[in-house]
Structures are given as C-alpha cells and as structure tokens.
Amino acid sequence: MLDLDDIQYILLNRAPARAGRYEFLSFHSAAAGRAWLSAMLEQVQSVAAMRASIADEKRWVTLAFTWHGLRALGVDEASLATFPEEFRQGMAARAAILGDTGANHPDHWVGDLTRPELHAIVLLFTRDVADRARYQEEHAGTRADFPDTELLSAIDVEAIPPFDYAHDHFGYRDQLTNPAIEGSGDEPTPGSGGLLKPGEFILGYPDELGPPASLPQPELLARNGSYMAYRRLQEHVGKFRDFLAEHGETPAEQELLAAKLMGRWRSGAPLVLAPDKDDPALGADPQRNNDFNYAQADPHGYAVPLGAHIRRVNPRDAAASMNRHRMIRRGATYGPHLPDDAPEDGQERGVAAFLLCASLIRQFEFAQNVWINDKNFHELGNERDPIVGTQDGTLEFKIPTRPIRRRITGLPAFTTVRGGAYFFIPGLKALHWLAAGG
Amino acid sequence: MAIPEGGFFPDDVEYGRYGPIFPKTPACYGFTIVAKIIPGREEVFREHGRTLEKAIKEQPHLLAPLQLHYLRWVLFEIEGATYFMYQGIFDTDFDKYTEDAVDLFSQSGISTVFENLEGFPADWKTNPAAFVEFVRAHHRPSFLEYGEYPYVSADEIKKSLRVKFLLSDILDQMQ
Ligand code: HEM
C-alpha cells in the first residue's frame, strides 16, 4: 500500500493553481535550517491531506533539498554517502551527460543554482497571483524569523492566456500524459500504458523489476521520498514562430509543421490519430488523447516523425524496458505571454519544469542523454529533439512524407537551459526527522 | 581506424551516464571483454550457450533492444587458467542502453554467464553502475578497427536486404 499520509502531494497530484513561485534557499547554519524547516512543516501537505482539502485550500507547498542541503541540515556523512552518485554530484556536474553545452552550459545559468550553497527549494502554488503575493510575503516573514537562512533566488510562474487549458508559450496543450501509479487511486487513461509500480517514482516500494534495492540510509529518510530534476527552459517564441513561417507557406502548413515537431497538434490532438487535420475535441478528451502507439500504428513515422518530441520522450511500444524510463512531470510557464501577433520582445519566458523519478540516472538522465540528445536515436543520424534537444544549427529534422521525406536542415534552438538542479523530496516523516536534527 | 592507447581520442570524448564513451569506428561501437572464469565453470558456459540458443529460437527478436551486429563468446586458456572473451559489435555505445540490457538478461531467464567470472558483482541486477564498472574494467579497447562496409548500421543492412527481397519478388512477377 502507498503511504498517502506521508508522500508529498506533488508526486501524485497537481494543484489547481494558476500561479506559483519557486524559492531557492541556503542555510548558513544547521540550527537555522532546522528551525526554518520546523516552522514550514505544517504547510507541507501529504497526498491524503491535499486530496481532502483541495476544494478549500488556497496554497500548496512542497519542500525539497539538494545533497548539500541535506548536509547543511546535519545529515551525517555516512548517510550522505548512501545517496546515488548523480544526486551527490548535482545537475551542473552532469552537464556533459545532459547535453547542457554551448548556450545551455551551467556557466550561463541564472539564480545561483550551481553553487554548493544551494540547499533547498520551496515550491509554492496558489490559485491566483493575488494569493501568491500574500503567501510569498508569509514565507518571507518565516525566513526573516531565522536570519541565517538566505534567499538565493526565486522565480515566479504563471499560467498564460487563454486560461481554459494548460499550455506552454509555443501554444502546445500540455499536462495530457501522466503515469498512473499502482495504489495511488488513479486509473490509467486508455493507451497510456497501464499502472506502474510505485517504486519507479517513490522510494521504498517495489518497482518494475522487483522489491526495492539499495535505498539511501537511514530508511526513515529515504522512505516515501523521490528525486526531482528542476529545469528552467527558456522558450524562444519569436524564433519558433519565424521558423514556422519560413517553412510553412499557409497557416495550415505552419500548424502541421508545429504538430510534426511535437507529435501532437497544438490542440493536443495526437498526430497518430489525427494525421492530416487537427481535431481539438480529440485533443481535449482524456479517454482518447493517449490511445495510440507507434511501432504498430505508425512504424515509418508518416504521422509522427521518429524524432518528434513526444515520440522521443515516450516511444511507447517502440522502446525496450519502457516502464523503467518513465517520469512524473510537474511545473508551469514563467515570463510574460507573447500575443500571437506581437513581435519578439526579448523578455525571458519559458517553462520551469520538474521531472520526478526514483532514479535520476535511469529515468531523467536517460531521457536527456539518449532519447532527447542521441543524434542517432531511431537511426536518425543527425537529429536531436527539436523542442528540447541541444541544437547548434547543424542538425536537421526529417518528416517522413510520401513519396519522399521532407528534410529541414539547420534546425535552430527553440529552447535554452537557464538553470537546473537535483533535489531530494522527502516524505513527511523524513521532513520531521530532518527538522529534529536526525 | 587506429585508436590511441587507452581507447579514446583525447580531444573528442563524449560522456555517457556512466563515464566517457568509447568512440565509434568504421566497425561501429563494441566491446571486447576479457576475464578469468571461476575455476571449474567451463561447463556452465557451454550450457549457457545452449540456453541462449534455445531462447533465440523461441524469441528471435529477444536481443533486438541491444542494437547488435554480432556477439562472440570464446573460452581460452593461458597458463592453465581459463579465460572468457566476449566480443560485441553494436550500433550504439554500450553505456546508453546498459539498464535495458541488464533488465533483459534478468527478466528473460537467460541471466548472464558473467556470474561465472571472477569479480563480477553479485548485485548486478539492481546495481547497473557496478555492472558497468565491471565491464569497463575488463574491456580491452582495440588499437585498430576496420569495417568493409564502414559505419553501416544493422538496421540499414536489414533494410537493404528487405529491398533486395522485394526487388526479386517484383522480378518474379514479371516472368
Ligand atoms: C520547453 C520545454 C518543453 C516543452 C515545451 C515540452 C512540451 C511537451 C508537450 C506539449 C507534451 C505533450 C503533452 C503531454 O503528453 O502531456 C510533452 C510531453 C512530454 N514531455 Fe515535454 N516539453 C518540454 C521539455 C521536456 C523535458 C526536458 C522532458 C524530459 C526530460 C520532457 C518529457 C516529456 C514527456 C515524458 C512527455 C510525455 C510524452 C508521452 O507520454 O507521450 N519534456 N512535452
């Protein structure tokens, strides 16, 4: 059974939020860190508490820590050594593996995220911007009570118009696919791959291979915890729109090209099920919008190019051990909306995303290193993920078309990594244990 | 392609999740693992050969996820001790699909004959890092590799054969 009273809500639920803020903290002393954590504890909701209060709740808080943060809170060296190497090293040290090179390199990241002094993240989600301001002030007050805690940086996130569905700055409908976890109460939607063993995402439970193995110690700290990769990905909306205009003559051709890059129409309708024409009702219908596969339904990529974003990050029936590489996705857009008819204004906007999993190296890093950035994925030869792959203008994107495929060369980078970090997101008992000094 | 000592071109090393990646050559990616076997286990190796043969008969695409060209299993002796050489030619560097390979061998009941090698980690099924470390420690990089059809992937070869068969089919229809 899943311990829904102990697992932080964000692992199994999305808050009904239109605004939020992530704060990145440093503790100058273990005592200050623990005192601050004690003061924050009552705001952190378990899955069960969140579900019970969702109708009335106005804000949702998640706490997570870097490896240096666990040390800063006083976790002893013997315990710290039991955490996996990639987590101990941190995201910036893994840049070559993740494809964070060139403009994406950690040297260019913002927000002090690469410093070992980055210890904790506070994720605040609220129903609206007004609430955010209120709770942001409350959190500032708590920090002020413990002057040895320091705010390194923060980022505000907000939904962008139109507000009736979740989407990113490029206009793609998002939050359609979620792994459904055994014991969570969630039912998988048709086609999305069945219930997954909880140990793929939450420490201390059986995973797709069997009973839990090699947990960090002590078990009290590890149990019901998870790892969280943070990615601040800037979206170059002007460049993206220019690209569509350059390679598509009519608005319809541009829409189709946008769909080919993603594997879904911007409405969310999957290309496998709607290959020629958009079908917004299909995109919005969870009973139908994941009910497809690739190897069987579209082996040559005539509907979804082999290198399209969603065909790379979840190849479905076209990959081995698929269930060992799934991730839970959370996050939101940041920065101002760029209206359809407005020129690029040079302001930073993008998605501030979290990928949650039980093993960063096997899930998140695998997705980055192999699925997103392997130039020869699916024998493509000279491609990377057109949305999030490391692009330097020398790669291409191939669109299988009868009789002859279309090949777009010199693909620009539509996104740039602006920051990132690895966090451990403890269960509630573990948070109490940390606050009490272990 | 002549390869520097150590197996890497120092100015052009790509990093995988478990460390630097051995370069692609005209003979694609691959490894040559040489390790001493636990004395007296020769017959286990030969039995493994029969098990794997049977598994492939039942499931011809069992090893497809590994993106292989060839695998060769060899036993040989040096000064009374038996050694095992395992040579694989792949289209992808081994590092990328390590966990998938480990999963494949732990689930399909064929396990791995590596368990009969000296120093192989007992927890290999749940500890891919230890598995990789063993492989890396026992891999002998080539100093020279050649390919008669350089850089061609197994998939391209299979596609070409399909085209050839289709063509001969078409020609049959014209008789
Ligand atoms: C600016 C960056 C990104 C954008 C705009 C973006 C956009 C999208 C969209 C629109 C979808 C389809 C909606 C859905 O299936 O829920 C999607 C799916 C997905 N994305 Fe991304 N994404 C981004 C970055 C990433 C990164 C960095 C990863 C992983 C490391 C990732 C992993 C996934 C996964 C696993 C899916 C689900 C695919 C499926 O199950 O079919 N995405 N993304």
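**Close-up views of a predicted two-chain model with its ligand**

From the N terminus on, the elements of chain B follow the order β-β-β-α-β-β-α-α-α. All views are drawn from a predicted model.

**Figure 1. Chain B is built from four helices and five strands.** The C-alpha atoms of chain B occupy a box of roughly 60 × 45 × 35 Å along the principal axes. Among the elements of chain B, β1 (15-16), α2 (98-107) and α4 (154-173) each give two or more residues to the side that touches chain A.

**Figure 2. The contact between the two chains involves 19 residues of chain B and 21 residues of chain A.** Together the chains bury about 1600 Å², with 53% of this area on carbon and sulfur atoms. Five residue pairs are in polar contact between chain B and chain A, both residues of each pair being at pLDDT 80 or more. On the chain B side of the contact, α2(B) makes the largest share, with four residues. Sorted by class, this side of chain B presents 10 charged, five polar and four nonpolar residues.

**Figure 3. One salt bridge is counted between chain B and chain A.** The partners are B:D103 and A:R324, whose closest N and O atoms are 3.2 Å apart.

**Figure 4. The iron atom of the ligand has A:H309 as its only protein donor.** The donor atom is NE2 of A:H309, at 2.2 Å from the iron atom. A:H309 is placed in helix α12 of chain A.

**Figure 5. The shell around the ligand holds 12 nonpolar, seven charged and six polar residues.** Of the 25 residues around the ligand, those that come nearest are A:L176, A:T177, A:H309, A:R316 and A:R329. At least two residues of the shell are supplied by each of β5 (226-235), α12 (309-313), β7 (350-357) and α13 (360-372) of chain A. Two side chains are shown with their distances to ligand oxygen: a polar side-chain atom of A:N314 is 2.8 Å from an oxygen atom of the ligand, and a polar side-chain atom of A:R316 is likewise 2.8 Å from an oxygen atom of the ligand.

**Figure 6. A salt bridge joins the side chains of A:R94 and A:E365, with an N to O distance of 2.8 Å.** A:R94 belongs to the loop between α5 (85-89) and α6 (95-98) of chain A, whereas A:E365 belongs to helix α13 of chain A, so the pair ties together parts that are 271 residues apart in sequence. Over all chains, the count comes to 37 salt bridges.

**Figure 7. A cis peptide bond joins A:P161 and A:P162, with omega at about -5°.** A:P162 is located in the loop between β4 (149-158) and α8 (219-222) of chain A. A cis peptide bond also joins A:Q217 and A:P218, where omega is about -5°. A:P218 is likewise found in the loop between β4 and α8 of chain A.

**Figure 8. A:H378 has a positive phi value, near 50°, in a residue other than glycine.** The position of A:H378 is in the loop between α13 and β8 (396-399) of chain A.

Key: Residues are numbered from 1 along each chain as its sequence is written. Chains are lettered from A and ligands numbered from 1 in the order in which they are written. This is a predicted model: local features need pLDDT of at least 70, side-chain atom pairs count only at pLDDT 80 or more; totals for chains, interfaces and linings use all residues. Side-chain values use heavy atoms; hydrogens and water are left out. Contact means heavy atoms within 4.5 Å. Buried area is the accessible area (1.4 Å probe) that two parts lose on being put together, summed over both. A salt bridge is a side-chain nitrogen of Lys or Arg within 4 Å of a carboxyl oxygen of Asp or Glu. A polar contact is a pair of N or O atoms within 3.5 Å; within protein, one must be able to donate a hydrogen and the other to accept it, and residues adjacent in sequence count only if both atoms are side-chain atoms. Ala, Val, Leu, Ile, Met, Phe, Trp, Tyr, Cys and Pro count as nonpolar, Asp, Glu, Lys and Arg as charged, and the others, Gly among them, as polar. A residue is near a molecule or strand if one of its heavy atoms lies within 4 Å of it. Donors are N, O and S atoms within 2.8 Å of the metal (3.2 Å for Na, K and Ca); water is not among the atoms, so sites may look incomplete.
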